[in-house]
Amino acid sequence: MGPESCGYNPDYTDAVLTDAEAMAQTDILAGHLYQGFLDTTQPYTAQRRKYVCGLYDNHLKAAGKTWWMTEHLFNDGQNKDNADNYLEFQKWTYSLNHLALEMHHCMEGNCSAYVYWYLKRFYGMIGDNDPERNTTPEGEPTKNGYIMAHYAKYAKGMDRIEASAAAPDLLVTAYANASRTEMTLVAINMGDGFRCLSIQLPSAEATAEAVETNDTVDMADAHAQVKGGKALVRMSGKGIVSVRIKCNFYRASLHHRWRLHDILPPSRLPHWQAGGWLLPKDGSPPLRHRAMCPHRRTDRRQAEVCWQSCGFSSI
């Protein structure tokens, strides 16, 4: 792995990307995110994020490589020298606007690993024994730790799939396991008010569970409800939610993809759209089709009968 330059300095990173021999010896393109990544109102930072988040699509995907973020930390206000922001890092909004936002953009850019600097530290993932600056019991997860857990516990070992939200203050990424029987949505509500996530489930036999972290709770049960073929999750303002969907539906193929197009306020309904490969019985080429059944029946037994009667069989 390499070159682990500060800020993914193109002088070092491009030297690997443009050298065939160097690329052949590199499995992971690694770098740190110091020097700015979040404030895209600044031209330098905006260009740096575009460069870093474009590494996978522009260079690494075709070569079968990945990129890792291997060091960054957020510790504004750790020193008494600046009384105006002393202990700023202890605030939930600081953690949300920094670590949560940065992890989201990294995952959105197809980052395969996010490594925070200092695991056990008052500004890290786990509280330490600092008598003045640590507000978390030693050895217990901090707010940063819970933010990372929303990805580490619910998205680890999965592939990222497409996700988008119409509301600009609602940030979402989605993930699925190899068999596409489990999917995770991680949503960050940057707005101040509550909102309801209404997700149309990809099968009649799907289940949903969700956890939320905000200023007052940590990985608390978000009480996901399954009703009318939809998963309903209420999330607070300035909060992060992980939703796990488990699907037991009779699927056409292990190669189909679930795509989450929208997560919207209650006034507009989002939807999961599922597509599956179905093979005609006569051996002709596969047809791209709705995963439910040719006539979009949602009942499992009816769908299986429909597949048979319409001349389709599953892989």
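Which element gives the most to the lining of the second largest pocket? Helix α6 does, with three residues. The legends below describe close-up views of a predicted model.

**View 1. The second largest pocket and its lining.** This pocket has a volume of about 200 Å³. Its lining comprises 16 residues, and Gln90, Thr135, Thr136, Thr142 and Lys143 lie nearest the centre. By class, the lining residues are eight polar, five nonpolar and three charged.

**View 2. The largest pocket and the elements around it.** The largest pocket holds about 780 Å³ of space. Two or more lining residues come from each of α4 (55–63), α5 (92–108), β4 (113–114), α6 (143–152) and β5 (159–161). The lining counts 25 residues, with Cys111, Ser112, Met158, Arg160 and Tyr175 nearest the centre of the pocket. Its composition is 13 nonpolar, eight charged and four polar residues.

**View 3. The pairing of β5 with β6.** Strand β5 runs antiparallel to β6 (residues 170–176), and three bridges join the two strands. Arg160 stands opposite Tyr175 of β6, while Asp159 faces Ala176 of β6. Arg160 and Tyr175 are also among the residues nearest the centre of the largest pocket.

View 4. Six strands, in the order β5-β6-β7-β13-β9-β10, form an open sheet with antiparallel pairing. The edge strands, β5 and β10 (220–221), each pair on one side only.

**View 5. Strand β6 and its hairpin with β7.** Seven of the seven residues of β6 are buried. In a regular strand, side chains alternate between the two faces of the sheet. In β6, Leu170, Val172, Ala174 and Ala176 point one way, and Leu171, Thr173 and Tyr175 point the other way. Strands β6 and β7 pair in the antiparallel sense over seven bridges, and Val172 stands opposite Ala187 in β7. Five residues lie between the two strands of the hairpin, and Arg180 in the turn has a positive phi of about 60°.

**View 6. The buried residues of helix α3 and their packing.** Helix α3 spans residues 43–53, and its buried residues are Thr45, Arg48, Arg49, Tyr51, Val52 and Cys53. These buried residues pack against α1 (10–17), α4, β3 (66–71) and α5. Among these partners, α4 and α5 also give residues to the lining of the largest pocket.

Key. Residues are numbered from 1 along each chain as its sequence is written. This is a predicted model: local features need pLDDT of at least 70, side-chain atom pairs count only at pLDDT 80 or more; totals for chains, interfaces and linings use all residues. Side-chain values use heavy atoms; hydrogens and water are left out. On a 1 Å grid over the protein atoms alone, a cavity is a set of points where a 1.4 Å probe fits but cannot get out, and a pocket is an open set with protein on both sides within 12 Å along at least five of seven lines; lining residues have an atom within 4 Å of a point. Grid points are joined across faces, edges and corners, and a volume is the space filled by probe spheres set on the points. Helices (H or I, at least four residues) and strands (E, at least two) are DSSP runs, numbered from the N terminus. Ala, Val, Leu, Ile, Met, Phe, Trp, Tyr, Cys and Pro count as nonpolar, Asp, Glu, Lys and Arg as charged, and the others, Gly among them, as polar. Two strands pair if DSSP finds at least two bridges between them. Buried means under 20% relative accessible area, exposed over 50%, partly exposed in between (1.4 Å probe, protein chains only). Contact means heavy atoms within 4.5 Å.
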